[in-house]
Amino acid sequence: MSKQEKSVFPDKDIHVYADDMTEDMSKLAIQTSQDAFQLFITQGKVFSTIAAYIRTAFDKALGKGWNCIVGKNFGAFVTHEIKTYIYFTIVPGTYILLWKA
């Protein structure tokens, strides 16, 4: 994203609650998630579609094996590879968990 472009989501809404990921990977996760939330989804399971978008992007960019959960209320207990985990939000009340198993 160039300096002239602005995200639809202000930085104050981005909160990383837990991560074990390089800074570049974290930035990619946030940017990919912002792109996913801008998709025009009119039917079906919105959060599943967003999660699939994020997972597919990470599979292409960083190799297969990524998993993603997007939702308002979920529990998770996961095992992940070192430096491949992030739990964050870019839209208040909606959370994203991304990891590589």
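## Helix packing

Helix α1 (residues 23-37) and helix α2 (residues 46-62) have axes that come within 9 Å and cross at roughly 140 degrees. Axes are lines fitted to C-alpha atoms over the stretch in contact, with angles from 0 to 180 degrees between N-to-C directions. α1 is therefore oblique to α2 (under 35 degrees is roughly parallel, over 145 roughly antiparallel, 65 to 115 roughly perpendicular, the rest oblique). Helices are DSSP runs of H or I, at least four residues; strands are E runs of at least two, and both are numbered from the N terminus.

From α1, M25, L28, A29, T32, S33, D35, A36 and F37 make the contact. α2 supplies I50, Y53, I54, A57, F58, A61 and L62. Contact means heavy atoms within 4.5 Å.

## Basis of the model

The model is predicted: local features need pLDDT of at least 70, side-chain atom pairs count only at pLDDT 80 or more, and totals for chains, interfaces and linings use all residues. Residues are numbered from 1 along each chain as its sequence is written, and side-chain values use heavy atoms, without hydrogens and water.

## Aromatic rings

Rings of Phe, Tyr and Trp (its six-membered ring) pair if their centres lie within 6.5 Å; planes under 30 degrees apart are stacked, over 60 edge-to-face, the rest tilted. The count is five aromatic pairs. F58 and W66 pair edge-to-face, at 4.9 Å centre to centre and 65 degrees between the planes. Both are buried (under 20% relative accessible area; exposed is over 50%, partly exposed in between; 1.4 Å probe, protein chains only). Y17, F74, Y87 and Y95 form one aromatic cluster.

## D13

D13 lies in the segment before β1 (15-21). Its relative accessibility is 19%, so D13 counts as buried. Leaving out residues up to four places away in sequence, D13 touches T89, I90, V91 and P92.
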